[in-house]
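Please look over the sequence and the model below.

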Amino acid sequence: MKILSIETSCDDTAIAIVECQNDFENLSTKILANVISSQTKLHAKSGGIIPNLAAREHEKNLIPVFKEALKLAKIKESDLKKKIDLIVTTKGPGLQPSLLMGLNFAKTLSYILNKPIVGTNHLLGHIFSNFVRNDEEFKNNIKLPLVVLLVSGGHTQLYKITNWNNIELMGETLDDASGECFDKIAKTLKLGYPGGVFISKIAENFRNKNKNYKLEFNLPKPLINSKDYNFSFSGLKTAVLYLTQKLKKDKKYNKKTVEKICFETEEVITDVLVKKTLKLAESINAKTIMISGGVSANKRLRSKFVEKINNQFDFLCPDRLMSTDNAVMIAVAGYYEYLKNKQDDCLLLEVDSNGKIE
Ligand code: KG4
Ligand code: ZN
């Protein structure tokens with residue numbers, strides 16, 4: 001079936017048209033259009049997202065993005081009713097003003113075209129961003145039980161999946177998400193937004209030039225040895241703030257120390273994420289570890305997983321373009337819900353801005 005999906009939970013206006021086939025275990029996907037209009041430049045000025053500004057941009061962008069998606073999928077507006085079988089939109093979690101824009105657009109389409117609609121969960125979308133692959137490695141490695149590390153700007157969570165009807169949250173951050181920590185540290189260091197992208201580029205260059213560098217700043221690795229599967233990153237953010245203040249006072253704050261801070265930040269965040277994920281995977285005898293969300297685009301995180309897993313588990317990560325927010329993953333999550341008969345009534349569908357995966 002052909003799915004038109006809409007994602008506006010945060011600062012990207014994204015619309016995709018995806019063909020999904022078969023039951024979920026044998027899913028095959030074909031992307032007919034994947035359009036993303038990013039608001040990065042707008043929010044770079046403030047170093048973070050201002051919800052009302054983001055909503056206003058969605059309002060401006062939705063129709064042009066929609067038209068572009070139709071053009072890419074070679075669907076004429078007059079053929080929409082014939083060519084599209086299902087409308088999917090993100091209903092949460094996310095910024096309420098942003099969510100409302102996409103949801104309202106989707107509801108209008110569903111009503112006018114008289115097509116079924118599914119309001120899906122953004123986090124489920126991130127998990128299923130891994131399913132936008134039809135290659136053999138994916139098909140061979142998607143074995144249960146499975147552990148998912150979901151790391152984005154707003155979430156850091158560990159899930160256990162023993163069967164596809166049961167996605168169980170095992171732990172999450174008690175304060176800041178790992179992506180948020182990257183973003184806030186980048187703001188302290190005045191590097192730009194989204195912070196993870198800037199920090200990881202600087203860290204990678206530093207690593208290539210300083211192969212034998214030993215960590216100097218003793219940054220905290222919060223909850224790395226705790227018995228549960230929770231995370232905490234706000235202490236690390238504060239530690240970097242104090243460190244930069246001290247370096248400035250001692251007149252040692254310069255390009256080189258900023259590079260070191262970026263490198264060390266990435267090291268401690270990735271150490272904590274990998275260690276806790278492996279701990280959960282070992283405790284449930286998982287067959288596969290899967291990562292998802294914006295921070296899963298991080299090359300160091302990916303290489304650390306490959307190194308530490310050491311063939312004990314199969315490892316899956318999404319195509320890097322699928323790691324960050326997009327509407328293709330929302331189409332797949334909607335298809336999953338549709339197969340479970342979780343359709344919504346287009347008149348009753350509401351935003352669920354704190355939404356947990358049900
Ligand atoms: O999943 P996402 O696109 O949006 C949310 O749902 O939040 O994630 C955005 C987050 C931002 O915090 C950004 O800094 C982080 O993903 N991010 C990265 C990288 N690319 C994006 N963090 C570390 N390394 C990266 N390469
Ligand atoms: Zn996201």
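This is a predicted model: local features need pLDDT of at least 70, side-chain atom pairs count only at pLDDT 80 or more; totals for chains, interfaces and linings use all residues.

## A helix across the strands

Strands S6, S9 and S10 belong to an open sheet of five strands. The order is S8-S7-S6-S9-S10, and the pairing is mixed. At the edges stand S8 (166-172) and S10 (314-316). Each has a single partner strand, so one side of each is left without a neighbour in the sheet. From one strand to the next, the twist averages 20°.

Now take one pair from this sheet. Strand S7 (residues 156-163) and S8 run antiparallel and are joined over six bridges. Find Gln157, then look across to S8: its bridge partner there is Glu172.

## Two nonpolar cores

In soluble globular proteins, nonpolar side chains tend to be buried together. Here the largest nonpolar core has 43 residues. Which of them have the most contacts inside this core? They are Leu149, Phe233, Leu236, Leu273, Ile289 and Phe305.

S6, helix H7 (178-188), helix H9 (234-249), helix H10 (255-283), S9 and H11 each supply at least two residues. H10 gives the most, with 11 residues. Leaving aside residues up to four places away in sequence, Phe233 touches Thr156, Thr173, Asp175, Asp176, Ala177, Ser178, Cys181, Ile269, Val272 and Leu273.

There is also a second, separate core, with 38 residues. Among them are Val88, Leu124, Phe131 and Ile167.

## The zinc site

Which protein residues are donors to the zinc ion (ligand 2)? His122 and His126 each use their NE2 atom, and Asp325 uses OD. These donors lie 2.0 to 2.1 Å from the zinc ion. The site has four donor atoms, with angles of 97 to 133° among them, and is tetrahedral.

In sequence, the donor residues are spaced H-x3-H-x198-D. His126 lies in helix H5 (residues 122-128). Asp325 sits in the loop between helix H12 (320-323) and helix H13 (328-339). The pair therefore ties together parts that are 199 residues apart in sequence. Are His126 and Asp325 buried or exposed? Both are buried.

Methods:
Residues are numbered from 1 along each chain as its sequence is written. Chains are lettered from A and ligands numbered from 1 in the order in which they are written. Side-chain values use heavy atoms; hydrogens and water are left out. Donors are N, O and S atoms within 2.8 Å of the metal (3.2 Å for Na, K and Ca); water is not among the atoms, so sites may look incomplete. Four donors count as tetrahedral if all angles lie between 85 and 135 degrees; four count as square planar and six as octahedral if opposite donors are over 155 degrees apart and all others between 65 and 115; anything else is irregular. Helices (H or I, at least four residues) and strands (E, at least two) are DSSP runs, numbered from the N terminus. Buried means under 20% relative accessible area, exposed over 50%, partly exposed in between (1.4 Å probe, protein chains only). Two strands pair if DSSP finds at least two bridges between them. Axes are lines fitted to C-alpha atoms, for helices over the stretch in contact, and angles run from 0 to 180 degrees between N-to-C directions. A nonpolar core is a set of buried Ala, Val, Leu, Ile, Met, Phe, Trp, Tyr and Cys residues joined through side-chain atoms within 4.5 Å. Contact means heavy atoms within 4.5 Å.
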